[in-house]
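Here's a quick briefing to read with the model open beside you.

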Amino acid sequence: MAQVLNLIDEASYARPFLARPTADFLTLRPRAAKPRTTGLTCVIDGGLGPRAMEDLLVSAAPFIDFVKFGWGTGVISPALDAKIGLLERHGVGFWFGGTLFELAHAQGKLEDYVAWALDMGATHFEVSDGSIELPEIEKLRSIERLSRSFIVFSEVGSKDAAKVMTPDQWIERIRRELAAGAWKVITEGRESGTAGLFQSDGDARADLMGEILTCGIDLGRVIFEAPQKKQQIAFLRSVGFEANLGNVPAADALNLETLRLGLRSDTLFVPK
């Protein structure tokens, strides 16, 4: 990986952070420890500066599994090396948003992108087709090939609200992409939570969500994009408190953990 920019003093990296809340007088919901494979919280970074990233990690690193550098921000951010260094020091993974894969693929620059991602130290990679027309067979081949070098996230669903797939089409695509080698499949919701799995008001499509919950797919291998609080609550209640959630705004990382643990009225936990 390229040398980390000297934008943050070395002493700031050494700030301690807690693995659990300091108070031990409450009984909280059990929570899998990091590194974990379920209950993932994946935060979207739309352009945080290194100081803001450091503040986020000092406050919430134990509760964040991955940071996704949204869209193509990774290729233009002058602070990318510094932010990746911070993530590594705090034990948080990262990947680059699927739009970057789509653009590189459309421009015939996928091999260059793969080489760059490896040089940046990426171990995870997203394959999506939410903005471009990509034949499914080509997408599946990309998942299969890239899974030899990366742990692959694939994404199902379109960013165009006018493009609606039936629940059966969603389920079949999720199954095929998992079979092709995807570690997790992400359900498209955009950073606004108003497309893909969601209606324009931010509510999940009831028919589609019902099918996902009952079709027999291992929900631990699905990441539900949930940028809005009401969406996070809905998934925690329907999928379970170890649901994998993505596109979580940075400011919501700590709040989401309180929802998981039952520390907010929306998901209050009162043990029997």
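This is a predicted model: local features need pLDDT of at least 70, side-chain atom pairs count only at pLDDT 80 or more; totals for chains, interfaces and linings use all residues.

V164 sits in the loop that runs between β5 (151-156) and α8. V164 counts as exposed, because its relative accessibility is 57%, where exposed means over 50% relative accessible area, buried under 20% and partly exposed in between (1.4 Å probe, protein chains only).

Residues are numbered from 1 along each chain as its sequence is written, and side-chain values use heavy atoms, with hydrogens and water left out. Helices (H or I, at least four residues) and strands (E, at least two) are DSSP runs, numbered from the N terminus.

**Strands β5 and β6**

- β5 and β6 run parallel and pair over 4 bridges; strands pair if DSSP finds at least two bridges between them.
- S154 has V185 in β6 as its bridge partner.
- In β6 (residues 184-187), K184 and I186 point one way while V185 and T187 point the other, and all are buried.

**Helices α5 and α6**

- The axes of α5 (residues 98-106) and α6 (residues 110-119) come within 7 Å and cross at roughly 140°. Axes here are lines fitted to C-alpha atoms, for helices over the stretch in contact, with angles from 0 to 180 degrees between N-to-C directions.
- α5 and α6 are therefore oblique to each other: under 35 degrees counts as roughly parallel, over 145 as roughly antiparallel, 65 to 115 as roughly perpendicular, and the rest as oblique.
- On the α5 side L100, F101, A104 and H105 meet L110, Y113 and W116 of α6, contact being heavy atoms within 4.5 Å.
- By class, that contact has 6 nonpolar, 1 polar and no charged residues. Nonpolar covers Ala, Val, Leu, Ile, Met, Phe, Trp, Tyr, Cys and Pro; charged covers Asp, Glu, Lys and Arg; the others, Gly among them, are polar.

**Salt bridges**

- The whole structure has 16 salt bridges, each a side-chain nitrogen of Lys or Arg within 4 Å of a carboxyl oxygen of Asp or Glu.
- E111 and R145 form one at 3.0 Å, N to O. This pair links distant parts of the chain, with E111 in α6 and R145 in α7 (residues 136-146), 34 residues apart.
- R176 and E172 form another at 3.8 Å, N to O. Both lie in α8 (residues 167-180), 4 residues apart, about one turn of the helix.
- An α-helix has 3.6 residues a turn, so residues three or four places apart point the same way.
- R176 is partly exposed at 34%, and E172 is partly exposed at 36%.
- K229 bridges to D266, with the closest N and O atoms 3.4 Å apart. K229 is in α10 (residues 229-238) and D266 in the segment after α11 (253-261), 37 residues apart.

**Helix α11**

- A253, L256, E257, L259, R260 and L261 are the buried residues of α11.
- Their cover includes β1 (41-45), α2 (50-60), α10 and β8 (244-249).
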